[in-house]
Amino acid sequence: MAEYKLLLPSMGEGVMEATIITWLYNEGDTVNEDDSVVEIATDKVDSDVPTPVSGKIVKILKQKDEVAKVGEAIAIMEIAGEGNADITSEEPASPNNETTAIEPEVEKELMQPIAEQSAPSLSDTDLYLSPLVKSIAQQENISEAELKTIKGSGLEGRITKEDILAYLSNRGNQPAAAVTATTTKTPAPAPTATIPVAAGDEVIPMDRMRKIIAENMVKAKQIAPHVTSFIETDVTNVVKWRNKHKSAFEKREGEKLTFMPIFVKAVVKAIQDFPLINVSVDGDKIIKKKNINIGMATALPDGNLIVPVIKNADQLSLSGLAKAINDLAYRARNKKLRPEDTQGATYTISNVGSFGNLMGTPIIPQPQVAILAVGAIVKKPAVLETPDGDVIAIRNLMFMSHSYDHRVVDGSLGGMFLKHVHDYLQNWDFNTEV
């Protein structure tokens, strides 16, 4: 028998480490090739790690809640053969080959707000910095001299996200000579008062994902001045069309036909009409996105929220959108998403109607500049104009809320975009094929 080291595989650009959530097998258990053996969590998504070989787990090297680096051994297996087998199906990339470009889509909370001073350039530094760490350093104006004073806890002494955040939390206590650039771009949050806990109150610690959501939401509101426009849309044609096609579609494709593909199709058309909604802000520059990647806010069984992304939504038919949406929603709720499934969104839709809500005021996920919330579809009496005069009829009505970043999206653009989404839905062609 041969010894095989199961390594933590690469999980996408910018992801350098993961936390062990739970092992799905114990030491001594036999596993088959492609079996998921451990659940892990990154700062983007929870996922499973499959084994590329069949064998027996003889030793678990990383226990629950421990952090493993990409390429680090997390378990030792016994497999058929002789000698030692240290290779895996996926070798970690060499640090010299990794990009150090700032990736605003990859790390949502690292969107750079407008500042009067430019961040220090780290392009020529001899330090190895992951894209995430480099982004934080540039955002917080941490010079190369300061970085060299930080003791790294990562592989081969590299600076991790935790190292640089810990340094920032104590930055004000550092000697003046060690700090060469102390002006930060985002004002520090005001200290919060201690909340008294009365007898009978329950204190529930936030889990890892809830902490990330909380941080992202606060930063999103600090960065983007939010404005929200509302409109009520008659979606009677949409409801009738879906009712006509949903049974045949499910029988033919084995997929459910929900309202979300229709909403996405209308949003994509409106983005094509108003491409300046499909942008990001980088300091005093506007980055107009070529691809139309639609994020869809998805509630998880544990009450948390994740936003998987429909890539190149403008290139998909209604049938293709339905399949992509169902696949992402299923994998999100079953912790099967890959890190790349949550990256690169350029516009987001949140279906608050799935909770029975009429409308909401959604928060824009950075670095996007707009988000649409669709409410519950409700039957109401409505006034219709006919050749014979106005009549009152029972119609299916729905509110939509469009939040946009007022730094770059004015009321006219935000309002016209919403009106176009409204028009596409209200005038939905009953003869549309799926």
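1. Start with the H6/H8 pair. In this predicted model, the axes of H6 and helix H8 (residues 411–426) come within 9 Å and cross at roughly 135 degrees. The crossing is right-handed. On the H6 side the contact is made by Ile262, Phe263, Ala266, Val267, Lys269, Ala270, Ile271 and Asp273, and H8 brings Phe417, His420, Val421, Tyr424 and Leu425.

2. The nonpolar core is worth a look next. The largest one has 54 residues, and Val264, Ile294, Tyr347 and Leu425 have the most contacts inside it. Helix H6 (residues 260–273) gives the most to this core, with 9 residues. Leu425 also turns up in the H6/H8 contact, on the H8 side. As for valine 264, set aside neighbours within four places in sequence and its contacts are Ile294, Ile310, Ala313, Leu321, Ile325 and Ile349. There is also a second, separate core of 23 residues, with Val37, Ile40, Val53 and Ile57 among its members.

3. Now the other helix pair, H5 and H7. Helix H5 (residues 236–253) and helix H7 (residues 318–333) have axes that come within 13 Å and cross at roughly 70 degrees. Because that angle falls in the 65 to 115 range, H5 and H7 count as roughly perpendicular to each other. This crossing, too, is right-handed. Trp241, Phe249 and Glu253 make the contact from H5, meeting Leu318, Ser319, Ala322 and Lys323 of H7.

4. On to the sheet with S2 in it. Four strands form an open sheet in the order S5-S4-S2-S7, with antiparallel pairing. Strand S5 (46–50) and strand S7 (67–69) are the edges, each pairing on one side only. Ignoring direction, neighbouring strands are turned by 45 degrees against each other on average.

5. Lysine 56 sits in strand S6 (residues 55–60). Its relative accessible area is 33%, between the 20% and 50% cut-offs, so lysine 56 is partly exposed. Lysine 56 and glycine 28 are 28 residues apart in sequence, yet C-alpha to C-alpha they are 6.1 Å apart in space. Beyond its neighbours within four places in sequence, lysine 56 is in contact with Gly28, Asp29 and Thr30, and also with Ile76, Met77 and Glu78.

6. Two asparagines deserve a comment, and here is the loop one. Asparagine 304 lies between strand S14 (298–299) and strand S15 (305–306). Is asparagine 304 buried or exposed? The relative accessible area is 4%, under the 20% cut-off, so asparagine 304 is buried. Not counting residues up to four places away in sequence, asparagine 304 touches Asp207, Met209, Arg210 and Ile213, plus Thr298 and Ala299.

7. The strand one is asparagine 396, placed in S20 (residues 389–405). With 12% relative accessibility, asparagine 396 also counts as buried, because buried means under 20%. Which residues is asparagine 396 in contact with, leaving aside neighbours within four places in sequence? They are Thr233, Asp234, Val235, Thr236 and Val239, together with Ile377, Val378 and Lys379. Thr236 lies within the residue range of H5 (236–253).

How values were computed. Residues are numbered from 1 along each chain as its sequence is written. This is a predicted model: local features need pLDDT of at least 70, side-chain atom pairs count only at pLDDT 80 or more; totals for chains, interfaces and linings use all residues. Side-chain values use heavy atoms; hydrogens and water are left out. Buried means under 20% relative accessible area, exposed over 50%, partly exposed in between (1.4 Å probe, protein chains only). Contact means heavy atoms within 4.5 Å. A nonpolar core is a set of buried Ala, Val, Leu, Ile, Met, Phe, Trp, Tyr and Cys residues joined through side-chain atoms within 4.5 Å. Two strands pair if DSSP finds at least two bridges between them. Axes are lines fitted to C-alpha atoms, for helices over the stretch in contact, and angles run from 0 to 180 degrees between N-to-C directions. A crossing is left-handed if the near helix is turned anticlockwise from the far one by less than a right angle, and right-handed if clockwise. Angles under 35 degrees count as roughly parallel, over 145 as roughly antiparallel, 65 to 115 as roughly perpendicular and the rest as oblique.
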